[in-house]
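Colleague: I would like to learn how to read helix packing from a model. Could you take me through it, one feature at a time?

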Amino acid sequence: MRSQQYSEAIRRRRQRLEAEGEPEVRDLYAALLEALGEESEAERQRQLAIRHHPEDARLLVELARFYERTSRPDKNQRARVLY
């Protein structure tokens, strides 16, 4: 990811995510998608992480921070609800 080879990083993360489904892997996958401007898919991945791991409060914070960075007109409201 640091070398900006996002497509290759996404391919590798997608494979690992399908195999394991760890919240950290899904979080990284969402970050890669966001870096490529795929906001709706990044949002979906973050929401899936929360759905599969509702006990992990860190995921709620990550989704709130994601909303703060998006271009959505309701981004502040969505972030506030999660915080």
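Colleague: How do the axes of helix 4 and helix 5 cross?

Modeller: Helices here are DSSP runs of H or I with at least four residues, strands are runs of E with at least two, and both are numbered from the N terminus. Axes are lines fitted to C-alpha atoms, for helices over the stretch in contact, and angles between N-to-C directions run from 0 to 180 degrees. In this predicted model, local features need pLDDT of at least 70 and side-chain atom pairs count only at pLDDT 80 or more, while totals for chains, interfaces and linings use all residues. Residues are numbered from 1 along each chain as its sequence is written, and side-chain values use heavy atoms, with hydrogens and water left out. Now the case itself: helix 4 (residues 57-69) and helix 5 (residues 75-82) have axes that come within 8 Å and cross at roughly 165°.

Colleague: What does that make the two helices relative to each other?

Modeller: Angles under 35 degrees count as roughly parallel, over 145 as roughly antiparallel, 65 to 115 as roughly perpendicular and the rest as oblique. Helix 4 and helix 5 are therefore roughly antiparallel. Handedness is a separate reading: a crossing is left-handed if the near helix is turned anticlockwise from the far one by less than a right angle, and right-handed if clockwise. Helix 4 passes helix 5 in a left-handed crossing.

Colleague: Which residues make the contact between helix 4 and helix 5?

Modeller: Contact means heavy atoms within 4.5 Å. From helix 4 come L60, L63, A64, Y67 and E68, and from helix 5 come K75, R78, A79 and L82. For classes, Ala, Val, Leu, Ile, Met, Phe, Trp, Tyr, Cys and Pro count as nonpolar, Asp, Glu, Lys and Arg as charged, and the others, Gly among them, as polar. The contact of helix 4 with helix 5 then has six nonpolar, no polar and three charged residues.

Colleague: How does helix 2 pack with helix 4?

Modeller: Helix 2 (residues 23-35) and helix 4 pack at about 5°, with axes 12 Å apart. That angle makes helix 2 roughly parallel to helix 4. P23, E24, D27 and E34 in helix 2 meet R58, L59, E62, F66 and R69 in helix 4. By class, this contact of helix 2 with helix 4 has three nonpolar, no polar and six charged residues.

Colleague: And at what angle do helix 2 and helix 3 pack?

Modeller: Helix 2 and helix 3 (residues 39-52) pack at about 165°, their axes 8 Å apart. Helix 2 is thus roughly antiparallel to helix 3, and their crossing is left-handed. The residues in contact include Y29, A30 and L33 of helix 2 and A42, L48 and H52 of helix 3. The classes here are seven nonpolar, two polar and five charged.

Colleague: How many aromatic pairs does a search of the whole structure find?

Modeller: Rings of Phe, Tyr and Trp (its six-membered ring) pair if their centres lie within 6.5 Å; planes under 30 degrees apart count as stacked, over 60 as edge-to-face and the rest as tilted. The search finds one pair. The ring centres of F66 and Y67 are 5.7 Å apart and their planes are at 55°, so the pair is tilted. F66 and Y67 are both buried.

Colleague: What is the secondary structure of the chain overall?

Modeller: The chain has five helices and zero strands. Buried residues make up 37% of its 83 residues. Among contacts with a separation of 6 or more, 31% join residues 24 or more positions apart.

How values were computed
Buried < 20%, exposed > 50% of the residue type's maximum accessible area, 1.4 Å probe, protein only.
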